Amino acid sequence: APANQPYLTSYHFRPPQNWINDPNGPMYYKGVYHLFYQYNPLGPLFGDKMIWAHSVSYDLINWIHLSHALCPSGPYDINSCWSGSVTILPGDKPFILYTGIDASGQQVQNLAMPENLSDPLLKDWVKFSGNPVMTPPNGVKDDMFRDPTTAWQAPDGRWRVLVGGQIDNEGMAFVYWSWDFIHWTKLDHPLYSVQETGMWECPDIFPVSINGTIGVDTSVLNPGVKHVLKTSLFSDKHDYYVLGTYDPQMDIFSPDTDFHGNSNDLRYDYGKFYASKTFFDSAKNRRVLWAWANESDSTQDDIDKGWSGVQTVPRAIWLDKSGKQLVQWPVEEIETLRGKQVSIHDKELGSGSIVEVSGITASQVDVEIDFELPELEEAELFDPAWVDPQQLCNDKNASIQGRFGPFGLLILATEDLTEKTAIFFRIFKGQNKYVVLMCSDHSRSSLKEDLDKTTYGAFVDIDPHHGKVSLRSLVDHSIVESFAARGKTCITTRVYPKVAVENEAHLFAFNNGTQSVVISSLNAWNMNQARLSEEESFKL
Ligand code: DQQ
């Protein structure tokens, strides 16, 4: 990164400058990955003329920035082109459905199509002359109606699409029907709604295979799949999901478990991860998840940096064997950026010990660590009143000694540990099972002030009795994406160390519990920079 830009990421997707937020319309089309995203071409803060920027890739890692796909132009989107999705119609025809902020400030849904289907990069997009195709339904406020999903075709041949909204603080996903993708009719009832959850932004719905990790097209409906419904809750800026059954006759979604939109519910990620969207990647038969990771620094910092926001590393997403939750793992292509490797094997971490992982550039690294656990009989008792894992991580931060844990990694740390981001585990003994807590503690992440240093935490649904717990962290200057137990629990965080930048950054494994744990293996790789180029420079 340039000397005056220590927080600029090296392998996370971002434009050269300015504000970005939600990923829009990701797709794989004829050998090319497309990512559109919310972008303010005028500066580093959110703007009142948001557009769809457009980039393409052959591997989801290296990207070419193209000209903007959608900019405000007609009465139906003159005040912004907000989030939406792509659906590939039969005959290989991609259609964008997006939210326009119209001339009167109301949220409407619009269509756009590629100008030239034989252009391999689909550079130019034409807005449908009949826009808008949906306007806020009766009883729905003008600014509570947005973010259409990828549409799916039910067995009756009719297209369905969801649009996020709320009525009287009841968050919901409206369903629209169409035979031709142009004329849309709203169903009387929403697909699903939950009281007191407020505005539902960026809903997503997709099938997952019940057996195995293979992803399927959004329209697939058979006994081999179940459905995921995701909502981005505007009120608390988290992406929640629930597993359940989609009934194509009634067009309703029945969740397997209660859903309230609070800390008892499942999230894709328990850190900074919002407005996410998935797509089916037919090249590798997987479902891929993108999300926006906002900054945690101040508005003034963003103005000084000239940029704000990155996209997370795309993740493959599938149903866990338990059938009770999803699992996410960075797409395998990210491993092509791995350079120099250092390893540690069979190293005991006694009480209070710390081991430096030296010989790598710790500000830009992919690290995987497997801990081997001893007999857990003596674990601290878990108090059933501890229902909020984030609070628990806050109360028991990295400096508080336990029995089994805290143990984990100290990331973007100074040599003297005055700065460090601690990603760690604690293990407790519950009523009839052990409880594994994962924490991402940023309270000491920077000597700088004016940063959001909120600690994040979540439970990891594994049985540590079997002796192992693993952690992988992707570190990229100001973002750390961590995956516990091979992707069962994920926490993404933004951190801005003052001293522990570039070559001053160190990486350690630590154990601050009274009991020893063993690093059965640790592998860390320097990460090379991804190529993010403008189209012109790419041509050279
Ligand atoms: N961001 C978009 C909206 C969406 C929100 C505007 C979610 O369409 O509801 O940039 O971050």
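**Entry 1: Terms and model**

I began with the elements: helices (H or I, at least four residues) and strands (E, at least two) are DSSP runs, numbered from the N terminus. I noted that this is a predicted model, in which local features need pLDDT of at least 70, side-chain atom pairs count only at pLDDT 80 or more, and totals for chains, interfaces and linings use all residues. Residues are numbered from 1 along each chain as its sequence is written.

**Entry 2: Cis peptide bonds**

A cis bond joins Asn131 and Pro132, with omega about 0 degrees. I placed Pro132 in the loop between strand 8 (125-127) and strand 9 (145-146). A cis bond also joins Gly405 and Pro406, where omega is about 5 degrees. Pro406 belongs to strand 30, residues 404-413.

I then checked Asn18, whose phi is positive, near 75 degrees, although the residue is not glycine. Asn18 lies in strand 1, residues 18-29. For burial I used this scale: a residue is buried if 20 or more other C-beta atoms lie within 10 Å of its own, exposed if 12 or fewer, and partly exposed in between, with C-beta atoms placed from the backbone. Asn18 counts as buried because 20 other C-beta atoms lie within 10 Å. Lys30, also not a glycine, has a positive phi near 50 degrees. I found Lys30 in the loop between strand 1 and strand 2 (32-40). Because Lys30 has 13 C-beta neighbours inside 10 Å, it counts as partly exposed.

**Entry 3: The UniProt record**

I consulted UniProt, whose positions are given in the numbering used here, with feature names shortened and annotations that may be inferred rather than shown by experiment. The unreviewed entry lists residues 12-330 as "domain: Glycosyl hydrolase family 32 N-terminal". In the model, that span is 2% helix and 48% strand, and its end C-alpha atoms lie 12 Å apart. The unreviewed entry also lists residues 333-526 as "domain: Glycosyl hydrolase family 32 C-terminal". I noted 4% helix and 49% strand for residues 333-526, with the end C-alpha atoms 15 Å apart.

**Entry 4: Two domains in contact**

I looked up the domain division, for which bounds come from an automatic or database domain assignment. The chain is divided into domain 1 (18-330) and domain 2 (339-527). Their C-alpha centres lie 32 Å apart. The contact takes 21 residues from domain 1 and 24 residues from domain 2; two residues are in contact if their C-beta atoms, placed from the backbone, lie within 7 Å. Strand 25 gives the largest share of the side of domain 1 that touches domain 2, namely four residues.

Strand 25 covers residues 326-330, and four of its five residues are buried. Strand 25 pairs with strand 24 (residues 315-319) in the antiparallel sense over five bridges. Trp318 has Val327 of strand 25 as its bridge partner. The two strands form a hairpin with six residues between them, and Gly323 in the turn has a positive phi of about 75 degrees.

**Entry 5: Around the ligand**

I listed the residues around the ligand, among them Asn21, Asp22, Trp82, Ser83, Arg146, Asp147, Glu201 and Cys202; a residue is near a molecule or strand if its C-beta atom, placed from the backbone, lies within 6 Å of it. Strand 1, strand 5 (81-89) and strand 15 (200-209) each supply at least two residues of this shell. The shell divides into four nonpolar, four polar and four charged residues. Here Ala, Val, Leu, Ile, Met, Phe, Trp, Tyr, Cys and Pro count as nonpolar, Asp, Glu, Lys and Arg as charged, and the others, Gly among them, as polar.

Strand 5 pairs with strand 6 (residues 93-101) in the antiparallel sense over seven bridges. Gly84 stands opposite Tyr98 in strand 6. In the hairpin of these strands, with three residues between them, Gly91 takes a positive phi near 90 degrees.

**Entry 6: Phe459**

Phe459 counts as partly exposed because it has 17 C-beta neighbours inside 10 Å. Not counting residues up to four places away in sequence, Phe459 touches Pro389, Val435, Val436 and Leu437.

How values were computed:
Two strands pair if DSSP finds at least two bridges between them.
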